[in-house]
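Here's a quick briefing for anyone meeting this structure for the first time.

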Amino acid sequence: MSTANETSDKTDAETEGAREQKSTVDNHMKKELDDEDEGVREAGKEGSELSSLRENVEDSQVYTATSLSVIPKETRTKTHPLLLDWAYGINQTLPVFSLQDEDKLVILYICAHVAVMFDHTSNAQHLLQGHCSPITCLCASEDRRWLVTADMGRESLVIIWDAYTGIPVRTLFDCHPEGGVSALALSKDSKYLVTVGAGAVQRVCIWDWTDESDSPQCQVDLSPKYGCQNQILFNPSDSTQLVSNSSTQVLFYNWERGHLEYSAPEITDKVGRTTFHQVKFVCAAVKVSSLLLALTFGKSVPIQTFNMVLGTLSQSIFHYDSVQALTATSAGNIVLWDKQTESVSCQPIVRKAVKLVPLQKEAITVLTLIDSFVVTGDVNGHIKFYDGNLKLINLYNEFSLDPIRSISFSKEKPSTSGLGYPKDCTLDAKPFVMRNVVLSTTCATVVHLNAQRNVLQTLLKEHAEPLEAVACHPKQPLVAMGSHSGTIKVWDYERKEAVCSRVFRPHKQIQCITYDPQGFYLAVGFASGALQIVDACTLQSDGKECLQYSQDSITHLTFSQDSCYLAAADTGKSVTLLQRCKEGTQEIWKYQGRHHSHYKPIQDLLFGVDLDSNQPRLLSLGMDRRLVEFDLQNSGENELLILSSDRIEQSAVPTCMVWYPPLTPENFLLTASNLYKMKLFNATSKMCRKTLFGPSYGSPVKKMAILPASKAGDPNSRYMAYITQDKVGIQILPLDGNPHKSFAMICHSTGVSTLACSYDGRYAFTTGGQDCTVFSWELNLSSLEASAALGGKDMLPFYNLLEGGRDGQLFREMEEYFYYCQLQNQDLNTMETRLVSTHIPLADVPFLMRALGFYPTEQELEDMQNEVKFSRYAETRNYVTDIDLEEFIKLYINHRPASGISRQELCNAFQVLGKADEEGRYTIDRDELLELLQARGEHMTEDDLAECFTTLLGFSAEGSSCTESLLESVLPPKITMGTFATDVLGFSAATQEFYQEHSHDL
């Protein structure tokens, strides 16, 4: 093994050489300009273009930046309606890097799909946004100039960033389509990048990211038997050598002139002989798709017997001598790899395990090199420094840290004088001169260690378990966050400082939190069904610590407007009500009652105010499509009564509700559904008064929040924030179905849990659940208004929603049908002077809808007619009995299905109602189908059914309608989905092909 002095000299020499090198990208850009300059001198006519190119390059921020300090405090141009303002949280499974540690302390870490450059000195974040999926890999160049991030999404990206400016300089699109990237690393000179795919068969690619090629320099596929390689590293002394490891196997790589090969030496902790198999794969860079070109097996080679437990492998590094390598294990051992004695110098180095060093008892989680030391971090939170011979030099074990996840040393070297540094733990007790270091733990904590003063400083302490709950204070710039670890943390989101926190015991897994409208109380709901009400300022409770009325997880909490009532909904489909009362001088929350109000999960819970009595009213909305209102006035002790229960949807499933702001004389309750529709219900009668086409960004709206009215702006200008499955959005009110009045962007790609808005309407907060993250979004309402204006005025946005627009066939058909209805209402054969009108009777709307291919149910037709009939009733007290073409177009667009007729819906219906035959196809008995059509859903008489089949089967109108005998002759006894779709409904043959392709699913 090499000595410490030898390795130190070599490292210093390498460092000096690296200092003399220019930046890789800068050299590349200058070389291109010089080459182009020669060509232009010869051509003579492109000189001005070259000059312009040179000026653009020299003016670019990336080219001119010289240090991290040039990054200005973020002064973003607010061109988007939603701007990511701050990221609360950290991905504790990924490493944290120290970017600067002199005049300011800057670190880099990952938060969901965003990379965060956090300046701890000035308490500022620079957010690197570009990924649509959670970032799974992160690395930084040795000089901290270049940062690389990668993800595992469907369209995975690898992005190389300039750390000095925060600008992406290169993006590799879908370089591992088999599943994204599981590991990556930069070479010492930052010229080469290696990526490891995350597919079942992992592919290792080496890229020269400074050139313009979209293909790697070389690549190789790994055998799945070696396990998932989740860590890879270049040899600092030789970029043609790499090492990677899974939990069970270490792989060594050699690449040269477009060929990449690897070897997989076997190692075991069993007594006996271990064989070594060399596996070689060669791939030419010019033929990227060529795989597995050669497979050779070496001879069995005896290695030293290890009569001790090996443990699982954690990390591997190259030793300073560039030949040896080290691998750390969960048993506290270090595996030493060295070249085989019979290796020929001109051949690639072949390594074998030569020694197993029992370094410590604790599992080693991190293994790295710095200057002349081998550094380890373990599960006890200890950091240990060894020389090149693995002799212990120093250790830090006094800080009581959690298991170490990453160790990142400052790029700035300490002074060599040694003054003020602590002594090492050798017999000589020399000053231990070491760089400052940033440590991250598995419990989402990041600390900075000043090596000279031996002082530990906490930089971040975030939630380490899923974060499901967030709530904003109603009168102050405070936001509270609760996680499954039982921790609540309150932040001042304007100063970006933590105000207070509390860990709740014994109950954990906080599911939801909410402030009361006065800002005095904070209610906390747990997965255990427990409920706790604490002081909003101190997070402490004066009365009973915990209230438990259910064993089911609390999902929703809401206070009444006067803060006298608190309601909770749980996964047991029940609602629990508490009332604030006084007992002597102390205020307590008294149990009022509990009701199992739904037979499917509760989607939302909401307090309101009765318009007549000004008393609180409580409503719950369930997946059973029922809107339940509770009778608070007549509910006694231990009894919660239901005032009404209304079914508000036929097929759609409601997802959330909110009180609509007073933009009209009528008061409404707004609901959203899984079919991308929003509905306004009269607050008193609960009649559906308007149906609107809602935001459609890949998934339906799951929560809405009305933003407070602006004190300085127009009181009639109101806005609504909302979330979908993975996006956060903002909507201009009043709702009218115009898609340009809405904007949304990805906030948590793995799923957003909930939404909260600040008391002044400037910020929205979203939680990511499993990603342990809360994002703060600044709302730019003027940008949203500008975006809506660009979409067109008046009817233009609605014309564009029609197939073909205003010049399309659908619009022409609408006009023709509309004019035909006008003619028909004045008698087609009349000879009298016709009255010119722009309206048709409201009674003709159903026929016109069906003529356009939209077949609404009777309930939907009733909702349409009520929507038009009562549209001006609150203002004029008169009914509307007719409709013009523009109003009809809006009615059609807002009511028609958002995604058209789905074939899958028909497949699902047969799967539910039918039975599988011998071939696995679902069929419905003919008599049973006829009975279902009359008995289930909206009522149909035999005459209605006969009329429908007469039309669908194409019988002559002059003949008799369908009879039972006639149906028996036309319809088979067992009706398949294909028969029903093509013979009865008259769908195209494509439906039959779809059915055949998906028959195995049915």
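Arg495 sits out in the open: its relative accessible area is 52%, so it counts as exposed (over 50%; buried is under 20%, and partly exposed is in between, using a 1.4 Å probe and protein chains only). Keep in mind that this is a predicted model, where local features need pLDDT of at least 70, side-chain atom pairs count only at pLDDT 80 or more, and totals for chains, interfaces and linings use all residues. Residues are numbered from 1 along each chain as its sequence is written, and side-chain values use heavy atoms, leaving out hydrogens and water.

**Salt bridges**

- Arg495 pairs up with Glu497 in a salt bridge (a side-chain nitrogen of Lys or Arg within 4 Å of a carboxyl oxygen of Asp or Glu), with the closest N and O atoms 3.7 Å apart.
- Glu497 is partly exposed, at 38% relative accessible area.
- Arg594 and Asp570 form another salt bridge, and here the closest N and O atoms are 2.7 Å apart.
- That pair links distant parts of the chain, 24 residues apart: Arg594 is in strand 41 (residues 586–595) and Asp570 in strand 39 (residues 565–570); strands are DSSP runs of E with at least two residues, helices are runs of H or I with at least four, and both are numbered from the N terminus.
- Arg594 is partly exposed at 27% relative accessibility, while Asp570 is buried at 3%.
- Shared partners join Asp492, Arg495 and Glu497 into one salt-bridge network.
- Arg203 meets Asp221 in a salt bridge too, at 2.9 Å from N to O.
- Arg203 belongs to strand 12 (residues 203–208) and Asp221 to strand 13 (residues 218–221), so this pair ties together parts 18 residues apart in sequence.
- Arg203 is partly exposed at 21%, whereas Asp221 is buried at 11%.

**The chain overall**

- The protein chain has 17 helices and 61 strands.
- Its 1002 residues are 52% buried.
- Among contacts (heavy atoms within 4.5 Å) with a separation of 6 or more, 50% are between residues 24 or more positions apart.

**Helix 12**

- Helix 12 (residues 903–913) has Leu906, Cys907 and Phe910 as its buried residues.
- They sit on the same side of helix 12, because they cover an arc of only 100° around the axis (taken from the directions from the helix axis to the C-beta atoms).
- Exposed Glu905 and Val912 are on the face turned away from the buried side of helix 12.
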